[in-house]
Amino acid sequence: MAMKSKSGASHDMPVPSYGIAAGVGAGVLALYLLTLAPTTAMWDASEYITAAFTLGIPHPPGNPLFVLLGRVASLFPVGSVAVRVNALAAVCSAISAGIWFLVAERVLVTWSPLRWTRTVAAITAAVLAATTFTVWNQSVVNEKVYTVSLAFFAVVSWLTVLWCDDPDGRYADRLLVLIAYLIGLGYCNHPAGFLVGPAVGVAVIARRPRTLLRWRLLLAGVLALGLGLTPFAVEPIRAAWHPVLNEGEPTGCEQKIGFACTFSETTRTRLMANINRDQYGKPDLTVRQAPLTAQMGMWWLYFKWQWLRDSHGTQQGLQVILALVFFGLGIAGGVTHWKYERASFWFFGPLVLTVTIALVYYMNFKYGASQDPGLAGVAREVRDRDYFYLWSYSTWSVWAALGLAALWRTLAKGAADAEPRRWLTSSPILLLGLFPLVGNWRDASRAKETATREWAHDLLNSVEPYGVLVTLGDNDTFPLWYAQEVEGVRKDVTVAVTSLLNTDWYPRGLLHRPINAYDAAHGPAVYRGYTNPAPTSPIFSISAAQLDAIPEYVDVRTPQVFQQGTLRAIVDPRRLEYGVPTRGDLMVLQLLKDNLGIRPVYIARTSGAYVQALGLEPYSLVQGLATKISPTPVGTSADTMQVDGFGHLDLVRTRALWDSYGAPSAIIRRGDWVDRPSVGIPALYAMTAFMLGEAVARRGDAAGGDKLRRRSLDIAEASRIMDMFAPGDVSAPLPSAAGAESGDVRRQQRVPVRP
Amino acid sequence: MRLQLFAPARRATLLRATAAAVLFFGYADLVRGGTTAAPLLIVLGYMILGPAVILTWR
């Protein structure tokens with residue numbers, strides 16, 4: 001069937017195979033659901049699931065469109081909340097796979113004569129794009145908002161391809177206006193939504209430059225773009241209700257929502273700071289955080305992962321060969337695209353360039369967490385950021401599949417058979433497109449990952465009822481938010497993360513947090529019959545204004561005395577992260593001051609030597625995965641013993657808690673760990689089991705001690721902790737004390753350079 | 001001949017009015033603290049009705 005334009009020009013263009021595209025999308029969705037995470041995961045997954053469920057505000061820019069979509073997904077009456085939000089990522093990526101099928105099929109029309117060959121090659125494009133490591137891995141757990149962005153990319157791509165086909169057609173202007181609207185809407189999901197803009201601009205200039213002179217159409221486009229940006233209004237409205245997740249607190253309303261405080265300068269300033277991500281204070285693009293060659297090297301490192309992840313480096317040769325093959329196929333696909341289908345190339349070519357070279361330049365990353373491990377003394381990203389190039393690898397896959405189709409065509413032309421048969425006999429070359437599906441399955445699948453959920457329960461349960469738990473960063477905080485707010489576990493515990501205590505809004509948010517009753521029926525057995533009274537005082541004894549007045553840092557570099565009642569600690573700034581006490585450190589001291597003797601106060605053992613840096617070692621008592629700070633010095637007793645390197649250990653409590661922990665079994669069952677920067681979490685379990693085993697053996701229970709030490713080794717083996725110390729890798733950067741890197745929650749620190 | 005309930009121009013106007021109403025009630029519910037109907041209406045307004053309005057604009 002031919003398409004006819006308004007101008008009367010008939011385009012001999014077959015109708016796109018929308019039915020097959022839907023089938024391809026459904027097939028990809030089935031794959032994703034088969035490998036879907038059954039619950040939350042490390043890094044930002046818990047934050048986004050919590051934000052979606054509570055209609056809260058995640059870290060800047062706040063992603064209002066994602067939060068709305070996630071909230072709608074969380075209302076779907078099948079599976080757990082986590083599964084529903086994870087499935088949102090799967091659905092978005094499946095939609096993009098279906099659309100990449102349409103794009104590839106359209107491109108192939110002009111140079112692949114048989115319909116079935118186009119269909120098969122386009123299916124290859126969709127499968128390849130869906131199974132590259134990062135796309136697959138990010139589609140089976142909602143760790144980021146990038147799969148939603150990918151769906152917007154794909155939809156805008158298809159609309160632009162349609163426009164390029166018929167720029168004077170009946171719907172051409174409406175398509176452009178719709179594209180502008182979707183770019184605006186995509187920006188409300190993530191700023192990456194704007195990345196398709198330059199490619200659309202190039203396509204318009206190349207296909208119909210006079211479009212830029214049609215001011216009414218341009219005005220309509222600008223208005224549509226503006227309309228697409230209006231979901232940002234959700235942020236100040238929700239922020240004024242002070243949801244549990246209210247990052248950046250983009251509202252001037254201190255108690256409840258109101259007209260005057262919503263339309264205030266404070267709201268505007270805070271909202272714009274959120275949208276512009278001021279919190280992260282990235283340097284100007286002219287100040288490179290790593291050489292551009294190293295930044296391109298990071299892209300290449302993650303490019304290699306796409307076709308065969310090989311997370312433990314057992315098939316590095318094959319990985320490089322596959323990367324070179326798919327790189328070459330992508331180039332061939334791009335050249336073929338340019339040669340035979342110029343109209344859509346003017347969009348897709350610039351799009352690939354934008355999400356590759358331009359994005360590498362714009363992101364301006366430090367060295368990747370696992371890039372050039374032998375290179376010491378360079379600034380590194382806290383984790384591997386392959387997900388920022390998800391769009392790059394997805395679009396590259398389409399070109400790689402086009403390259404594969406071109407290779408197929410060449411082989412078919414050279415074959416001696418009759419026309420349809422020679423295509424058939426040379427078709428096995430397309431099987432190359434299935435390599436990522438097979439090679440990435442093990443690493444991309446999240447099907448058995450339950451350890452993060454268990455870890456959150458275990459850490460919360462290490463804290464006595466109504467306790468305050470000081471944590472360090474992403475991985476010892478976000479999972480706890482998820483457990484508390486989504487699953488309703490141990491909501492009585494107040495989690496205070498040091499990296500966010502450096503901000504102005506987070507301490508204020510802690511003041512808003514209600515005191516939740518301890519649910520003894522669902523708590524661990526160790527607290528049955530526990531009679532801690534519910535505290536009535538707020539977590540801070542000082543007002544929001546007084547909290548705001550705490551400085552960003554105090555320029556003190558010599559040991560200082562911190563005294564609270566019987567507790568007298570020597571705080572040594574030289575042992576703190578920045579060499580001086582920051583606002584976060586001062587907030588922790590304020591928490592100690594206001595809560596010791598009122599609430600149990602703990603510091604998560606993920607915080608490394610933070611207890612020692614604050615001079616609290618004589619007052620610390622290890623209980624499971626957290627260290628309790630006592631108002632008086634801790635001594636040795638029947639239940640409490642000194643363990644070398646760990647300080648005082650509450651043997652009875654820790655053993656009882658250990659027996660209730662779920663993560664050790666989950667880690668062993670999974671038989672692997674998600675990534676190296678967070679491997680400190682299983683390491684903490686392994687250390688705890690080992691320490692406990694030693695202590696138990698010293699108390700005369702040799703069999704019990706052996707069992708615990710074996711468990712320690714099982715955890716270490718399953719999570720491959722020993723890989724960190726593999727020969728030849730000794731200079732590689734090790735994860736932070738327990739993998740709880742500050743990660744993305746870090747606020748820009750305006751503190752002096754560490755002496 | 002296909003029976004049409006409304007003329008295309010009338011239908012476009014109706015669609016615009018529906019989209020505006022859905023978004024208005026969505027935001028209104030959000031302002032009063034709603035977390036269920038509000039996101040449903042706002043998503044419907046932006047993701048379905050918004051594009052439909054643009055594609056049928058006359």
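How many helices and strands does chain A have?

1. Chain A has 31 helices and 11 strands, where helices (H or I, at least four residues) and strands (E, at least two) are DSSP runs numbered from the N terminus. Please keep in mind that this is a predicted model, in which local features need pLDDT of at least 70 and side-chain atom pairs count only at pLDDT 80 or more, while totals for chains, interfaces and linings use all residues. Residues are numbered from 1 along each chain as its sequence is written, and chains are lettered from A and ligands numbered from 1 in the order in which they are written.

2. Let us start with overall size. The C-alpha trace of chain A spans about 90 × 65 × 50 Å along its principal axes. A compact globule of 755 residues would have a radius of gyration near 27 Å, and the 28 Å of chain A agrees with that; the radius is taken over C-alpha atoms, and the globule rule is 2.2 Å times the number of residues to the power 0.38.

3. Next, the partner chain. In all, 17 residues of chain A are in contact with 15 residues of chain B, a contact being two C-beta atoms, placed from the backbone, within 7 Å. On the chain A side, α3 (64-74), α8 (172-189) and α11 (234-239) each supply at least two residues, and α8(A) gives the most, with 5 residues. By class, this side has 15 nonpolar, no polar and 2 charged residues. Here Ala, Val, Leu, Ile, Met, Phe, Trp, Tyr, Cys and Pro are nonpolar, Asp, Glu, Lys and Arg charged, and the others, Gly among them, polar.

4. Two of those helices also meet each other. The axes of α3(A) and α8(A) come within 5 Å and cross at roughly 80°; axes are lines fitted to C-alpha atoms, for helices over the stretch in contact, and angles run from 0 to 180 degrees between N-to-C directions. The two helices are therefore roughly perpendicular to each other, a term for angles of 65 to 115 degrees (under 35 is roughly parallel, over 145 roughly antiparallel, the rest oblique). Pro64(A), Leu65(A) and Phe66(A) of α3(A) meet Leu185(A), Cys188(A) and Asn189(A) of α8(A).

5. Now look at the open sheet of chain A, with 7 strands in the order β4-β3-β7-β9-β8-β11-β10 and mixed pairing; strands pair if DSSP finds at least two bridges between them. At the edges are β4 (494-497) and β10 (640-643) of chain A, each pairing on one side only. Within the sheet, 4 bridges join β7 (residues 601-604) to β9 (residues 626-629) of chain A, which run antiparallel. Helix α26 (residues 583-595) of chain A lies across β3 (468-471), β4, β7 and β9 of chain A, at about 170° to β3(A).

6. Finally, a hairpin worth a look. Strands β5 (residues 560-564) and β6 (residues 567-571) of chain A pair in the antiparallel sense over 5 bridges. There are 2 residues between the strands, and Gly565(A) takes a positive phi near 60°. On β6(A), the covered face holds Leu567(A), Ala569(A) and Val571(A), whereas Arg568(A) and Ile570(A) form the uncovered one.

Technical notes
Buried ≥ 20, exposed ≤ 12 C-beta atoms within 10 Å, placed from the backbone.
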